[in-house]
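Me: Please take me through the contact between the two chains of this model, one question at a time.

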Amino acid sequence: MELQAVLMAAGGGSRMTDLTYNTPKPMLPVGNKPLMWYPLNLLERVGFEEVIVITTKEVQKMMSTDPKMKVDVKMKLDVVCIQEDGDMGTADALRHIQQKIKTDILVVSCDLITDVALHEVVDLFRAHNATLAMLMSKTHEFTETVPGQKGKKKTAEQRDFVGVDQSGKRLLFMANEADLEDGLSVRKSIMRKHPRMHIKTGLVDAHLYCLKKAVVDFLTENKSISSIRGELVPYLVRKQFSKTINSQKMKDDTEDQTQKKNDGSTNHELLISSRDEPLLQLAQERSCWNDHHGDMSEAYHGGKLRCYVHIMDQGLCYRVNTLAAYIEANRMAPKLFEEPAVHPSAVISERCQMGSDSIIGALCQVADKTSIKRSTIGHSTAVKEKVRVTNSIIMHGVTVEEGCNIQGSVICSNAVIGRGADLKYCLVGNGQRIEPEAERTNEVIVGTDQLMEI
Amino acid sequence: MRLSGYLSIDSHFEIVASQNEGKELTKEEKQRLRKEKKQQKKGKEKKDDKASQESEKEKKPVSPAAPASQPPAQSTTQKAVPAPAPVSVPASEAPAPADKPAKSKAELKAERRARQEAERASKQGKKGDTGQPAATSKPKAPPNEMQPVVKRLPEHIQVDNPDVLKKLAKKLERQQIPLRSDYGYKVSLFSHLHQYSRKAPLTQQVSIPSTVIHPAIVRLGLQYSQGIVAGSNARSVALLHAFKQVIRDYTTPPNEELSRDLVNKLKPYISFLNQCRPLSASMGNAIKYIKKEISNIPSQCKEEEAKSKLLNCIECYINEKIILAAEAIAKSAIEKISDGDIILIYGCSSLVNHILCEAFEKSRKFRVIVVDSRPRLEGREALRRLVQKGISCTYVLISAVSYVLPEVSKVFLGAHALLANGYVMSRVGTSQIALVAKAFNVPVLVCCETYKFCERVQTDSFVSNELDDPDDLIVTRKGKTQLKDWQEVPSLGLLNLVYDVTPPDFVDLVITDLGLGMIPCTSVPVVLRVKNVDQ
């Protein structure tokens with residue numbers, strides 16, 4: 001078997017608590033499908049037959065009842081539950097399932113919505129015998145107004161500095177702005193080997209990683225690493241240029257035994273050791289190919305640990321971990337699949353004006369004289385007469401009474417919007433009731449028990 | 001008189017080589033033989049036969065595959081003799097190379113038609129038979145003589161024939177291997193060859209994770225198509241390495257024999273690799289060897305034992321044919337390198353690099369001139385390896401070769417394959433170097449291991465070659481890419497050839513292993529014959 005897929009679906013959605021306090025992030029509806037359906041669909045399309053899903057018990061329960069998951073997902077899902085409140089990072093989760101992992105793995109995050117040609121990432125992994133291959137994408141600016149946002153959009157997220165070589169494929173440097181206090185320093189060893197490096201900041205990490213099995217084994221030895229993105233990836237990228245990784249020295253030299261003990265123990269596991277290593281070496285020596293030109297070193301500078309990145313410049317790639325991303329994803333998601341916009345079981349009256357870019361879920365009831373534009377309406381939602389819904393996301397089981405005007409808002413499940421309410425850019429939490437004739441603009445309406453404790 | 005046709009005296013192809021050596025007989029030949037035997041019993045008129053055959057021979061001194069058939073005139077009463085074929089052979093040799101494949105196809109059709117007619121006639125003759133057709137009796141020995149010269153062309157040089165393409169598509173579908181589509185406009189002289197784009201790898205159509213094709217093979221195919229593993233030695237070693245992994249992961253299904261099933265398992269993998277990049281001659285020989293070894297495994301052998309035996313065979317093959325051969329060749333070649341020599345090399349040949357490094361270690365004093373050419377610019381890699389050792393080198397592009405040749409004392413060339421008629425198939429540009437060297441009276445030495453000796457015969461670079469990605473020729477200088485939109489210009493075609501053939505007149509010596517040391521180029525068929533007898 002070549003690759004095993006692992007889907008990380010235990011994340012909390014800490015950056016959009018308003019949406020996730022009742023529904024766990026993996027099951028948030030995007031385009032009327034649960035969020036985790038998208039990466040699963042991606043894996044299914046390229047040919048995976050089994051996926052290991054790491055998630056919480058709650059999500060597992062919801063998964064088994066959700067119609068979309070049962071019908072559409074034909075792969076075998078091996079669900080592993082972990083504690084919800086535990087501080088388990090993604091790397092900890094990998095350590096947890098170490099027993100199940102028999103080959104190289106492809107780790108995907110549940111909040112990734114993309115139409116990337118997965119073979120681009122996996123080909124880098126295969127062709128160069130890489131230890132890590134990941135996917136990144138150019139950031140798209142979110143243009144929609146986010147409910148509940150006060151003031152200008154802050155720079156908020158700290159930038160990631162990503163350094164790639166001239167071909168744009170080899171990953172040389174990765175650091176987050178938060179870790180760089182007085183400036184970005186690049187090691188001389190990197191500059192000597194790759195004199196031309198392109199540093200990019202406008203990239204979003206898709207959290208899709210191909211990792212060698214040796215890395216998983218390495219994780220079991222080093223329990224200090226708890227997050228793949230935060231710690232493991234920068235560690236691997238740094239280790240590419242570490243002096244101790246030199247296979248020729250490592251082999252029989254006795255002096256290096258001491259070196260091995262200090263730093264080598266970590267490197268030792270990461271080194272690719274296949275049974276026919278000498279044959280591979282021979283083939284590489286006889287091959288007249290080199291990945292760089294201009295200096296005296298052999299291909300890959302003799303390094304065994306290599307990290308590659310595929311940067312997408314076209315196509316969709318969203319990580320739904322903020323409200324803005326969630327809204328944007330809802331807008332774009334219909335492009336990813338070809339289901340009819342209006343579910344066949346929805347009851348829509350003839351005098352309803354529906355734009356072609358709206359999605360109506362199953363068992364909906366849309367009454368007369370309503371106007372629905374650029375919106376997503378979840379299943380089992382009832383929309384009464386004379387309602388105008390524009391640019392909004394309405395989840396499941398919502399009741400919208402007559403005469404409402406909803407614009408640019410997100411209405412969570414089981415909410416009730418009273419008659420004649422006028423909501424602009426609001427976020428209505430789960431199960432909330434908006435009183436009739438209410439007028440709210442740019443507000444987040446959630447229950448008092450969900451308000452954050454300071 | 002020089003032949004300009006594509007003939008292959010290979011067991012794969014049903015082409016009859018010569019009168020004396022009876023090679024594989026096709027079904028039709030066998031049928032004919034049976035019919036003849038029957039006729040022979042009834043009575044013979046051999047003499048007429050031989051007379052007609054000799055006249056045929058005189059008519060066609062050219063076709064080496066001997067005068068095959070008898071003139072149609074006589075065949076009405078005769079039996080099952082393929083008449084017309086050879087008549088069209090000389091005709092086919094005349095026209096331009098490009099038309100060759102087409103002509104021979106037409107010629108094949110004509111042969112088939114004539115054969116059918118002859119058989120029909122002979123059946124009628126049989127019914128009302130009394131006289132046996134003279135030739136009828138073609139004695140068993142030279143049934144080959146009747147055979148047409150060219151029976152079947154390999155499919156990879158018949159890309160412009162839609163039937164062949166359909167057959168290929170069907171075969172790939174059966175083996176569940178995706179079909180790689182050709183890319184871009186092909187120059188008309190080479191439209192019979194495949195041309196693929198590196199940006200459309202075959203892995204686009206292979207599932208991830210690959211289940212039909214072993215992951216080691218997918219990785220190998222990817223490395224071939226991207227050029228990460230390039231050079232015939234490297235490709236063979238990588239291929240054998242991948243086969244080792246396949247064999248390790250192989251389990252015999254119930255009710256199957258390892259010797260037969262494993263070979264069948266390998267066939268789709270080989271098709272896949274062929275689609276990624278056409279197989280090299282060295283790879284072909286390695287595959288033949290492995291297949292032979294697998295089929296020779298006795299059926300009582302237990303699976304583990306058989307597998308370890310195979311893995312051992314592969315190790316031995318690599319050791320003998322590549323590693324030890326390189327050392328033997330280096331030993332012979334070093335005798336030819338004297339102090340004060342200025343040696344010219346072309347491109348990056350692993351064997352030539354090895355020789356020069358060994359010579360340098362044995363403290364010979366020499367200088368090297370590395371000649372390089374676009375678009376591959378492999379010479380840079382050779383330059384790097386030599387300079388790393390400490391050898392003083394000069395680097396020029398192939399356009400400067402006639403300027404540097406007056407100073408050169410010897411030229412060392414590597415080879416991709418050595419053909420049975422003494423021609424050297426190597427990276428495109430090699431024949432130019434050999435030509436110019438000949439003009440300057442500089443000795444040209446070709447270094448080649450025996451496992452690259454191939455039974456093919458080729459006299460020009462058109463008939464069988466490899467077309468690389470045409471986009472490799474596009475270069476950006478000072479921010480401008482002139483050829484960026486070459487596809488939109490209807491009359492523009494980009495041609496990126498990979499191989500060319502050098503005639504033996506330009507090569508002075510071939511340095512090879514197997515205890516042969518230095519042989520002239522024309523001794524290659526002898527070596528092949530001896531090798532085959534040994535094996």
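Me: How many salt bridges are there between chain A and chain B?
Reply: This is a predicted model, where local features need pLDDT of at least 70, side-chain atom pairs count only at pLDDT 80 or more, and totals for chains, interfaces and linings use all residues. Residues are numbered from 1 along each chain as written, chains are lettered from A in the order written, and side-chain values use heavy atoms without hydrogens or water. A salt bridge needs a side-chain nitrogen of Lys or Arg within 4 Å of a carboxyl oxygen of Asp or Glu. Between chain A and chain B the count is zero.

Me: Which element gives the most to the side of chain A that touches chain B?
Reply: Helices are DSSP runs of H or I, at least four residues, numbered from the N terminus. Those giving two or more residues to this side are α6 (118–127) and α12 (277–286) of chain A. With seven residues, the top contributor is α12(A).

Me: How many residues does chain B bring to the contact?
Reply: Contact means heavy atoms within 4.5 Å. Chain A brings 33 residues, which divide into 15 nonpolar, nine polar and nine charged (Ala, Val, Leu, Ile, Met, Phe, Trp, Tyr, Cys and Pro are nonpolar; Asp, Glu, Lys and Arg charged; the others, Gly among them, polar). For chain B the number is 39 residues.

Me: What area do chain A and chain B bury between them?
Reply: Buried area is the accessible area (1.4 Å probe) lost when two parts are put together, summed over both. Carbon and sulfur atoms carry 60% of it here. The total is about 3,300 Å².
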